[in-house]
Amino acid sequence: MLNKLLPTILTSIIFLGIFLGVSDIIFVDNGFDLIFDTNSTTSIIFWELRLPRLLTAILVGASLALAGCLSQYLFNNPLADPYILGTASGASLGANLLPLILPIGLLSTTLGAWLGAVVITGITLLISFKNKHIQVYKLLLNGMAMSSFAAAVISFLIFTTSSDQQLRQIIFWVIGSFERAQWIQIPFLAIVLLLTLVYLYFKHNALTLLLIGEEQAKVMGLNTNVLKITLLLFLTLLVSFSVACAGPIGFVGIVIPHIARSINSKLNYNYYVISSLLGACLLLFGEIISHPIYPPSGLPIGVLTSFIGVPFFVYLINKGK
Amino acid sequence: MTFIVLAIFTSCGGDRNHKHTRKTHDDIGRTVNIPVRVHRIVSLTPSITEILATITPLEKIVARTPHCTYPKEILKVPVIDVYPLDIEKLVKLKPDLVFVKEGFLAIEQANQLEKLGIAVYYLKFNTAQDIIHAIVKVGKLMDADMQAGLEADTLGMHLHKLKVKAEQIKEYDKPEVLILISSNPLYAYGKDSYASDFLYYAGAKNAIKEKFSNPFPQLSREYLLKLNPEIIITTKQNNNIFDLYPELKQSKAFKNNRIHYIDEDLISRPGPRVIEAILKLKELVKK
């Protein structure tokens with residue numbers, strides 16, 4: 001009963017979170033009226049900065065958590081995180097390289113991150129193909145290799161950079177933040193998330209079969225190769241857009257699926273929905289409290305979510321379920 | 001005659017392993033054994049290099065960091081890498097004394113250098129007055145009291161004149177100025193930084209009024225928009241700020257066309273060019 005109600009409860013918490021996130025603006029003198037006065041600073045803060053930031057936090061949290069579920073299925077390994085294919089390192093590399101070639105403001109960082117993520121993941125996938133089949137163990141090792149390569153290039157950039165600003169830029173990007181949130185990014189995140197959830201709605205039974213074992217799944221008539229390729233495609237899209245919009249935020253993708261599983265032990269569609277909503281809640285509340293904790297910039301979101309989530313995760317893992 | 005020759009040899013420090021030293025305390029309270037006669041110095045901080053270049057002959061400076069680029073003549077001095085510190089090269093250079101500003105070198109590395117027989121002296125200066133005191137202190141250690149005193153007196157006199165003029169401006173007439181260090185990510189000179197002191201002498205005030213744990217805080221876009229400074233001063237490389245953050249076009253600074261640029265070295269190195277930096281700020285604030 002609780003499991004069925006949980007998505008509704010979590011959705012309500014998200015709406016409450018959005019309200020909390022903007023409440024300081026609404027409850028100041030004439031704050032609510034000023035939101036609709038397009039010339040006021042309050043209106044710009046509300047529409048151009050605060051709302052895109054909160055919505056990005058929700059969508060990135062949900063996407064990373066869902067990507068975590070997919071990678072744990074795909075690799076049949078509870079330690080598999082969404083960045084296992086080198087996506088995060090590729091994004092970090094792209095985000096730092098493209099603005100040097102194409103300086104078009106914040107968007108060049110986002111575009112660079114997305115391209116970096118897609119290129120590195122694409123290379124990982126291509127070199128893991130053999131006889132039209134993807135070998136999962138090769139995917140894992142190639143992902144690690146590509147990730148290490150991209151990380152080495154970033155370290156080289158950090159070491160050789162002569163400008164303090166460039167150094168700060170690289171470090172800031174690697175930590176992850178919602179400061180770069182823009183409206184233009186939100187439809188991309190939302191569409192990819194929605195498409196993945198729709199796909200999972202129709203295919204979650206096939207995924208459960210894959211988890212039992214690839215050979216058994218084949219015996220049951222499942223085309224595991226097509227399923228794996230489709231999963232990899234969604235995984236790449238989810239992670240690349242998330243990382244492009246917010247940087248490589250750790251923890252969410254690996255831990256949230258475990259928390260969701262401890263709440264909803266059955267591997268049904270509800271599991272994906274709960275994972276996504278939990279990921280959204282974690283990053284949303286992390287974003288809301290990060291600013292008062294460490295003004296004026298706010299504490300990096302990856303650091304904060306780990307502070308909040310790790311004790312809870314350790315408790316869940318060790319409580320004996 | 002023999003005595004004179006012997007005295008010359010001793011004073012030149014022919015045997016560096018047996019240097020005559022004196023005990024002193026640096027600005028962070030460490031006890032440092034400094035040779036009585038300092039002949040070879042290394043500066044690991046650009047602002048200290050500028051101080052040294054003002055009061056001692058350049059021949060005494062045996063190495064500088066890649067960032068030490070002022071005055072022009074200093075470029076002839078060999079470079080030593082500081083991030084990470086090239087300890088091997090530093091030892092080979094056999095300096096009598098290494099100067100560094102607090103925060104520019106880890107204490108553990110300084111202790112390591114001391115074990116290798118190289119004295120490390122930390123200086124700590126933040127305000128314009130501190131810079132003057134630092135010049136006097138370096139002068140004493142370098143046996144250049146006269147030159148340092150002269151430089152300190154000149155700077156002190158200029159500073160006094162600027163202070164008198166600044167005090168004539170009423171508090172509410174002083175414009176609120178934000179000095180931006182970097183645009184992506186956003187970093188600025190905070191209330192506790194030396195820039196606030198420079199702005200005071202320039203007849204203005206720092207737009208950042210709260211104290212943060214970091215004297216050079218990272219800002220959020222929202223904070224910057226709420227701050228709404230009257231004037232933004234930054235360096236040329238940050239001229240993309242309005243492309244990056246279009247919402248800042250709503251700020252008073254943008255609407256009144258009060259975005260000004262300053263030479264990065266001048267503002268980022270609080271050294272003997274302090275008066276030059278304050279006068280430049282004053283000129284920009286008055287525009």
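**Figure 1. Chain B as a whole.** Let's start with the overview. The secondary structure of chain B comes to 12 helices and 11 strands; helices (H or I, at least four residues) and strands (E, at least two) are DSSP runs, numbered from the N terminus. The C-alpha trace of chain B spans about 80 × 40 × 35 Å along its principal axes. Of the 287 residues in chain B, 41% are buried. A residue is called buried if 20 or more other C-beta atoms lie within 10 Å of its own, exposed if 12 or fewer, and partly exposed in between, with C-beta atoms placed from the backbone. Chain B has a mean pLDDT of 91, and 93% of its residues reach 70 or more; pLDDT is the predictor's confidence in each residue, from 0 to 100. Please take care with residues 1–17 of chain B, where pLDDT stays under 50. Where pLDDT is low, the predicted coordinates should not be read in detail. The model as a whole scores ipTM 0.83 and pTM 0.87.

**Figure 2. Strand β6(B) and its parallel partner.** All 5 of the 5 residues of strand β6 (residues 119–123) of chain B are buried, so this strand is largely enclosed by the rest of the structure. On one side sit Ala119(B), Tyr121(B) and Leu123(B), and on the other Val120(B) and Tyr122(B). Strand β5 (residues 97–101) of chain B runs parallel to β6(B) and is joined to it by 5 bridges; two strands pair if DSSP finds at least two bridges between them. Look for Phe99(B), whose bridge partner in β6(B) is Tyr121(B). Together with helix α4 (residues 107–115) of chain B, β5(B) and β6(B) make a right-handed β-α-β unit. A crossover is right-handed if, with the strands pointing away from the viewer, the path from the first strand over the helix to the second runs clockwise.

**Figure 3. Strand β10(B) between two parallel neighbours.** Ile231(B) and Ile233(B) point one way from strand β10 (residues 231–234) of chain B, Ile232(B) and Thr234(B) point the other way, and all are buried. β7(B) pairs with β10(B) in the parallel sense over 3 bridges. β11(B) also pairs with β10(B) in the parallel sense, over 3 bridges, and here Ile232(B) stands opposite Ile259(B).

**Figure 4. Backbone details in the loops of chain B.** Most residues other than glycine have a negative phi, and most peptide bonds are trans. The peptide bond from Tyr70(B) to Pro71(B) is cis, with omega near -5°, and Pro71(B) lies in the loop between β4 (61–63) and α3 (87–92) of chain B. The bond from Asn184(B) to Pro185(B) is cis too, with omega near 0°; Pro185(B) lies between β7 (176–183) and β8 (186–188) of chain B. Asp143(B) is not a glycine but has a positive phi of about 60°, and this residue is partly exposed, with 14 other C-beta atoms within 10 Å. Asn257(B), likewise not a glycine, has a positive phi of about 55° and is exposed, with 8 other C-beta atoms within 10 Å.

**Figure 5. Core residues and the contact between the chains.** The largest nonpolar core has 80 residues, and Ile58(A), Leu238(A) and Leu284(A) have the most contacts inside it. A nonpolar core is a set of buried Ala, Val, Leu, Ile, Met, Phe, Trp, Tyr and Cys residues joined through C-beta atoms within 7 Å. Its largest share, 15 residues, comes from helix α3 (residues 41–74) of chain A. Turning to the interface, 18 residues of chain A are in contact with 21 residues of chain B, where contact means C-beta atoms, placed from the backbone, within 7 Å. α3(A) gives the most to the side of chain A that touches chain B, with 6 residues.

Conventions:
Residues numbered from 1 in each chain as written. Chains lettered and ligands numbered in written order. Predicted model: local features only at pLDDT ≥ 70, side-chain atom pairs only at ≥ 80, totals over all residues. Contact = placed C-beta atoms within 7 Å.
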